[in-house]
Amino acid sequence: MKALLLAAVVSLIHASYASLVIKGPTEPVLEGDAVTLECLYTDSDLNISQVHFEVFSKYMHGWRPVMERYWCFYSLKIQQLADRLVLSIPRAGRYYEGPYRCVSNDENVTESDNSSQPLSFKVHYMGELSLSREGYTGYLGTPHELKVRLGDDVLVKCSASSSEEPSYFWYKEGSDWVLPSSSLKLSKLNAMDEGQYTCSARHPSVESLNKKRTISITVLPEDAHWYETSDGRLMLMISAVAVALVVFILSMIVFLCRRAKETKTSKGPIDDRSQKKPIYKASSESLPSTCGDNQPLV
């Protein structure tokens with residue numbers, strides 16, 4: 001009896017020094033990379049089968065168990081090995097950043113050691129660059145070739161969705177001119193300002209994440225027709241679409257009006273032959289009567 005009690009005390013003391021840890025990626029994680037998390041005990045023979053993963057929900061403001069799921073890019077796979085529990089994320093996204101922790105349901109583990117320290121990992125990403133001009137054209141984007149009159153001003157803004165604010169640079173092809181800004185502003189354009197301008201965005205933490213986009217600026221003569229400029233062509237496109245929409249609406253109104261008129265005129269007067277045809281007593285259309293005459297009823 002004493003031997004069993006001593007073994008239980010030793011086992012409890014041994015388990016009290018066990019610590020549950022979680023391991024994750026040590027290198028920067030890019031969007032779309034595969035990520036593996038592991039739960040394991042250090043200096044302990046405790047059963048890993050009583051351990052599970054939990055993730056902190058920002059929407060529920062609390063920890064919830066991680067469940068396996070297989071649905072498009074939201075796949076999660078949990079695998080139990082001899083000494084560890086493995087969580088596999090085939091395609092990391094910005095919604096998988098965590099934090100995560102390992103939690104044990106083993107009664108022999110002390111309350112302070114029944115869960116690991118939280119682990120979070122940053123998913124780095126950068127979307128495609130977007131160029132926009134100041135004014136109404138900014139809502140429709142900027143074409144690859146920009147045509148403006150001599151002496152006009154140009155302001156083009158470069159932006160991209162990213163896990164961290166990128167560093168933006170503008171440079172001109174064939175020149176050592178570099179502008180460390182997300183906005184390209186050229187005042188009173190002249191013939192020397194023509195050329196290819198490229199916006200480059202660089203991620204501050206991951207060197208491999210960088211995007212580029214080029215726009216061509218052509219300077220037209222000061223007396224060039226308004227429809228030769230990029231703004232003029234855009235106005236023509238908008239006007240053409242508006243005219244086409246108005247013509248379509250008017251055509252539909254005319255069609256519906258003609259359809260309603262044809263439907264109305266196709267309905268003639270009710271042909272009630274009973275009001276034109278005399279009804280005699282002996283006819284099949286007559287009504288039973290006790291009077292005997294040979295005169296028409298109507």
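The model is predicted. Its largest nonpolar core has 24 residues, and those with the most contacts inside it are L37, F53, Y100 and F121. Two or more residues each are given to this core by strand 1 (19-23), strand 3 (35-42), strand 4, strand 7 (84-89) and strand 8 (100-104). Strand 3 provides the largest share, four residues.

F121 illustrates the contacts of this region. Leaving aside residues up to four places away in sequence, F121 touches P25, V29, V35, L37, I89, Y96, E97 and Y100. A second, separate core has 20 residues, A160, Y168, L184 and A201 among them.

## Disulfide between C39 and C102

The disulfide count is two. One of these bonds joins C39 to C102, with an S to S distance of 1.7 Å. The torsion about this S-S bond is about -85°, so the disulfide is left-handed. Because C39 lies in strand 3 and C102 in strand 8, the pair ties together parts that are 63 residues apart in sequence.

Both ends of the bond fall under the 20% cut-off for burial. C39 has a relative accessible area of 0% and is therefore buried; C102, at 0% relative accessibility, is likewise counted as buried.

## Disulfide between C158 and C199

C158 and C199 also form a disulfide, with their sulfur atoms 2.1 Å apart. Here the torsion about the S-S bond is about -95°, so this disulfide is left-handed. C158 belongs to strand 12 (residues 154-159) and C199 to strand 16 (residues 195-202), so the pair ties together parts that are 41 residues apart in sequence.

C158 is buried, its relative accessible area being 4%, and C199 counts as buried at 0% relative accessibility. When the bonded cysteines of the protein are numbered in sequence order, the pairing reads 1-2, 3-4.

## Largest pocket

The largest pocket has a volume of about 410 Å³. It is lined by 16 residues, of which F56, Y59, R64, Y95 and Y96 are the closest to its centre. Y96 is also one of the residues touched by F121.

Definitions and conventions
Residues are numbered from 1 along each chain as its sequence is written. This is a predicted model: local features need pLDDT of at least 70, side-chain atom pairs count only at pLDDT 80 or more; totals for chains, interfaces and linings use all residues. Side-chain values use heavy atoms; hydrogens and water are left out. On a 1 Å grid over the protein atoms alone, a cavity is a set of points where a 1.4 Å probe fits but cannot get out, and a pocket is an open set with protein on both sides within 12 Å along at least five of seven lines; lining residues have an atom within 4 Å of a point. Grid points are joined across faces, edges and corners, and a volume is the space filled by probe spheres set on the points. A nonpolar core is a set of buried Ala, Val, Leu, Ile, Met, Phe, Trp, Tyr and Cys residues joined through side-chain atoms within 4.5 Å. Buried means under 20% relative accessible area, exposed over 50%, partly exposed in between (1.4 Å probe, protein chains only). Contact means heavy atoms within 4.5 Å. A disulfide is a pair of cysteine sulfur atoms within 2.5 Å.
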